[in-house]
Amino acid sequence: MSHKAWMKTVPTENCDVLMTFPDTTDDHTLLWLLNHIRLGIPELIVQVRHHKHTRVYAFFVTATYESLLRGADEIGLRKPVKAEFGGGMRSFSCEEDYIYENIENELYFFTSQERQNIIRYWLENLRAKQGEALHNIHFLEGQPIIPELAARGVIQQVFPLHEQRILKRLMKSWVQAVCEAQPLGETSGGGLTKEGSGGPRPVHTPLVPPPPPDDICDYFGVKIAMYFAWLGFYTSAMVYPAVFGSILYTFTESDQTSQDISCVVFAIFNVIWATLFLEEWKRRGAEFAYKWGTLDTPAESIEEPRPQFRGVKRISPVTSAEEFYYPPWKRLLFQCLVSLPVCLACLTLVFLLMLGCFQLQELVLSIQELPRIIRFLPKIILAVIVTACDELYKKVAYWLNDMGEW
């Protein structure tokens, strides 16, 4: 559908994550997966719908507020604490839910991104039992079902849905705003105090306006918000070398000596500027990470492996949990005996094809009797070869990457 047609569509209510299937999916596959989701994750609410034009089935997935609270406790979601209980960020706990801000408000306690993260966490941790199989797909015990089905093409897509109401607000406060701070919830320093006979006392009436809302992080998550925070900081920091460089260029003489001196001065300035820029961003990035509760997140090394990963089950010496393990010497052997020869063969093929096209070009140019349009034939052949090799090498790269993860 065109962009204008999408603008007139009505958003689906009561849906956080959408799971779509190819139009060739049979009823047995749908019922098998639906039954596993409803039995394995009773917290989820799943509606099955069928698009009459594309003939695609889809699962519309959401959860109740009480279920989301239990999910937040399960994944250790960090939420802001009320000021009377110490403030700051803390991992959510259902036993002490009263200490968190906006806990009484179902509409505002969880952001859309947090709801979707909880639901996707449940979906991606739906585990197979021993001996389970779907058609020709045989699952290992404890293997995540939905990532494996997505990797095999049984599930077409699993993705979160946008909220038009929040997107419109972001469009006005962020995209269309000119010379205004990004809605990243910039920190505004410590609390204000006022000296008196009894020493410092808190000032209850704020003397400065409240910080801007944290809309970007609330909607897109910490990773996207951190990127735009860095991009805004970098853009602002670029003003200093731009202004200094313009002034230096204006007052530089046209002789070679003055230009050389200006280059040296500008290079020294850039070294100092780059050092200060990096140090200041470390501080600013740490502030954002602390504010968004990601300063002490666990390392990515304990995350689930890719669904394509194959190996034997063992107890991890690091986490003491079950994991799939593939010996490093086998991976190194594959890289030396398969990956390296294949890459060298691809490079040799490309070199020979390009050399042949260049030789053909010289041959065509040496014959004066040929029509003018024939002179472009080697370039056309080269363009076709480059396009074909790009598609071929993409498939080879995917295959080598998947085999290298075993």
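Cysteine 179 lies in the loop between helix H6 (164-175) and strand E9 (193-194), where helices (H or I, at least four residues) and strands (E, at least two) are DSSP runs numbered from the N terminus. The phi of cysteine 179 is near 55 degrees, a positive value in a residue other than glycine, and this cysteine is exposed, with a relative accessible area of 82%; here buried means under 20% relative accessible area, exposed over 50%, and partly exposed in between, with a 1.4 Å probe and protein chains only. The model is predicted, so that local features need pLDDT of at least 70 and side-chain atom pairs count only at pLDDT 80 or more, while totals for chains, interfaces and linings use all residues. Residues are numbered from 1 along each chain as its sequence is written, and side-chain values use heavy atoms, with hydrogens and water left out.

**Overall picture and confidence**

The protein chain has 12 helices and 12 strands, and of its 406 residues 27% count as buried. The chain exposes about 27,500 Å², of which carbon and sulfur atoms supply 62%; accessible areas come from the Shrake-Rupley method with a 1.4 Å probe, and for residues only the protein chains shown count as cover. Among the contacts with a separation of 6 or more, 60% are between residues 24 or more positions apart, contact meaning heavy atoms within 4.5 Å.

The average pLDDT, which is the predictor's confidence in each residue from 0 to 100, is 82 for the protein chain, and 84% of the residues score at least 70. Over residues 188-211 pLDDT stays under 50, and for this stretch the model has 14 contacts beyond four places in sequence. Where pLDDT is low, the predicted coordinates should not be read in detail.

**The four-stranded sheet**

An open sheet is formed by 4 strands in the order E2-E3-E1-E8, with antiparallel pairing; two strands are taken to pair if DSSP finds at least two bridges between them. Strand E2 (44-50) and strand E8 (157-160) stand at the edges with a single partner strand each, so one side of each is left without a neighbour in the sheet. Neighbouring strands of this sheet are turned by 20 degrees against each other on average, direction ignored, where axes are lines fitted to C-alpha atoms, for helices over the stretch in contact, and angles run from 0 to 180 degrees between N-to-C directions. The pairings and one facing residue pair for each are set out below.

| Strand pair | Bridges | Residues standing opposite |
|---|---|---|
| E2 and E3, antiparallel | 7 bridges | Leucine 44 and alanine 63 |
| E1 and E3, antiparallel | 4 bridges | Threonine 20 and alanine 58 |
| E1 and E8, antiparallel | 4 bridges | Valine 17 and proline 160 |

Helix H2 (residues 27-40) packs on the sheet and touches strand E1 (17-20), E2 and E3, and the direction of H2 makes about 10 degrees with that of E3. In a regular strand the side chains alternate between the two faces of the sheet. In E1, Val17 and Met19 point one way and Leu18 and Thr20 the other way, and all are buried.

**Helix H3 and serine 67**

Helix H3 (residues 65-75) has Tyr65, Ser67, Leu68, Leu69, Gly71 and Ala72 as buried residues, and the buried residues of H3 pack against E3 and helix H4 (112-124). Serine 67 counts as buried because its relative accessibility is 5%, and, leaving aside neighbours within four places in sequence, serine 67 is in contact with Glu43 and Trp122. After H3 comes glycine 76, whose phi is positive, near 70 degrees.

A positive phi, of about 60 degrees, is also found at asparagine 102, although this residue is not a glycine. Asparagine 102 belongs to the loop between strand E5 (89-91) and H4 and is partly exposed, with a relative accessible area of 44%.

**Annotated transmembrane regions**

An unreviewed UniProt entry lists residues 227-249, 261-278 and 332-355 under "transmembrane region"; UniProt positions are given in the numbering used here, feature names are shortened, and annotations may be inferred rather than shown by experiment. In the model, residues 227-249 are 96% helix and 0% strand, with the end C-alpha atoms 32 Å apart. Residues 261-278 are 100% helix and 0% strand, and there the end C-alpha atoms are 26 Å apart.

Serine 262 is found in helix H10 (residues 256-291) and is buried, with a relative accessible area of 15%. Apart from neighbours within four places in sequence, serine 262 is in contact with Leu248 and Thr252.
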